[in-house]
Every structure is written in C-alpha cells, then in structure tokens.
Amino acid sequence: MPVNLMNRRGGLIPGVALAVLALVGCSSTAGASPSPSPTQTAAASSPSSSASASASGSARSTPSGSASATVNALVPGFPQQVVPIMPGATTLQTSYDATANPQTASLVASTSATADQILDYYAGQFTGQGFTAAAKTKVGTTDSQDFVRSGGKETVNVAVVVVNGRTTFTVGASVAPGTIK
C-alpha cells in the first residue's frame with residue numbers, strides 16, 4: 001500500500017525532498033547494499049520530516065500532476081522570492097508546482113556551511129516573510145526547523161543532513177497561491 005505523504009504537515013514536497021537528501025548523501029562503496037527506492041526512503045524518513053507536526057495535519061493538498069522538477073538547476077518559474085537559495089550553496093534539485101493549492105516548491109542543495117548556519121539563514125528569510133519559527137529539532141542525524149503562517153495553512157520545513165563531511169539541506173514550502181508572484 002502506498003504511503004500517503006499528503007496528510008503530513010508540509011505536504012508531499014518535504015517528504016520527497018528528504019528522500020532525495022537521503023539518496024544524495026549516499027556514496028557507492030564496494031560491498032554496499034543497494035540504496036532503497038525513494039518511496040522506501042520517504043516512508044522510513046517521514047516521521048523525521050516534522051517531529052512537531054500535528055497528527056491531524058491541517059495543511060493538505062492534492063497533487064496536480066503538473067509539478068516540474070530538475071536536477072542541478074532551478075526549475076523554470078522557481079519562486080526564489082519565497083524559497084531563496086542560500087549564498088554559497090550549490091543547487092542539487094528543485095521542484096515547483098504552481099497549479100497546486102497550496103503551491104509547493106522544494107530546493108535540495110549542498111554547502112560547506114554548518115547545520116546551525118543554514119537553519120539560522122533560513123530562519124531569517126522565513127520570519128522576514130511573516131512565518132513563525134518552531135524550535136529547531138534533531139531527529140537522528142537530521143537537524144530540522146518548521147515555519148508556519150496563516151494559521152498553519154502555509155508551512156516551510158528546512159532539514160539538514162551531514163554525511164561524510166558533506167552538508168546537504170532541503171527546503172520544502174507549501175504556500176497560498178497569492179503569496180508567490
């Protein structure tokens with residue numbers, strides 16, 4: 001039975017982005033077991049995507065089927081005014097769905113910055129946009145912070161993982177269509 005990530009706070013994008021983070025951080029070594037599929041990884045990591053999310057999951061969305069994604073670049077129309085790219089970070093993957101309600105955008109990137117530097121940068125960006133920051137959390141090796149506004153109808157999650165000295169982070173946003181211009 002497929003995992004329904006749409007009922008989790010933040011929608012599908014943070015769950016998928018965490019799966020990408022898990023896969024990006026993996027390195028190939030002799031004798032290593034095969035990497036799990038993105039669906040398996042998302043199912044295994046979904047509880048860490050938002051340790052503070054409510055069980056009811058007030059922010060819900062329906063996949064529209066028109067999401068765009070690309071690797072090592074910004075997908076056309078990516079809303080950098082909502083999800084800015086941290087200076088010095090290298091974009092690994094982006095996705096954006098302008099037709100969903102709420103609209104969704106995700107960014108996966110790597111940098112030499114620390115987890116605290118990344119979370120602090122994005123805290124400044126999102127609180128400046130009117131989001132309220134939740135406390136930083138750490139689940140396993142993932143540092144994370146959630147942001148909400150509009151009574152929890154708009155959410156952002158920033159998750160950071162350091163694997164083999166490489167810092168990779170994901171930002172997943174689910175926001176009202178009127179806020180992305």
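Lys136 is partly exposed, with a relative accessible area of 39%. Partly exposed is the range between buried, which is under 20% relative accessible area, and exposed, which is over 50%, using a 1.4 Å probe and protein chains only. Please keep in mind that this is a predicted model: local features need pLDDT of at least 70, side-chain atom pairs count only at pLDDT 80 or more, and totals for chains, interfaces and linings use all residues. Residues are numbered from 1 along each chain as its sequence is written, and side-chain values use heavy atoms, with hydrogens and water left out.

Back to the lysine. Which side chains meet Lys136 in a salt bridge? Asp120 is one of them, at 2.7 Å from N to O. Asp120 lies in helix H3 and Lys136 in the loop between S4 and S5, so this pair ties together parts that are 16 residues apart in sequence. Asp116 is another, at 3.7 Å from N to O. That pair also links distant parts of the chain, with Asp116 in helix H3 (residues 115–127) and Lys136 in the loop between strand S4 (132–133) and strand S5 (137–139), 20 residues apart. By salt bridge I mean a side-chain nitrogen of Lys or Arg within 4 Å of a carboxyl oxygen of Asp or Glu. In general, side chains of opposite charge can pair when their charged atoms come close.

The two aspartates are also partly exposed: Asp116 has a relative accessible area of 47%, and Asp120 has 44%.

Next, a pair elsewhere. Arg149 and Glu154 meet through their side chains in a salt bridge of 2.8 Å, N to O. Are these two residues buried or exposed? Arg149 is buried, at 14% relative accessible area, and Glu154 is buried as well, at 3%. Shared partners, on the other hand, join Asp116, Asp120 and Lys136 into one network of salt bridges. The count by this rule is 4 salt bridges.

Now the strands. Helices (H or I, at least four residues) and strands (E, at least two) are DSSP runs, numbered from the N terminus. The chain has 3 helices and 8 strands, and along the sequence the pattern reads α-α-β-β-β-α-β-β-β-β-β.

I will stay with strand S8, residues 166–175. How many of the residues of S8 are buried? The number is 9 of 10, so to speak a mostly covered strand. S8 pairs with strand S3 (residues 103–111) in the antiparallel sense, over 9 bridges. Two strands pair if DSSP finds at least two bridges between them. S8 is also joined to strand S7 (residues 154–163) by 9 bridges, and these two run antiparallel.

Look at Gly172 in S8. Ser106 stands opposite Gly172, and Gly172 is also the bridge partner of Asn157. S7 and S8 form a hairpin with 2 residues between them, and Asn164 in the turn has a positive phi of about 50°.

Last, the whole chain. Of its 181 residues, 46% count as buried. Counting contacts (heavy atoms within 4.5 Å), residues 24 or more positions apart account for 55% of those in the chain with a separation of 6 or more.
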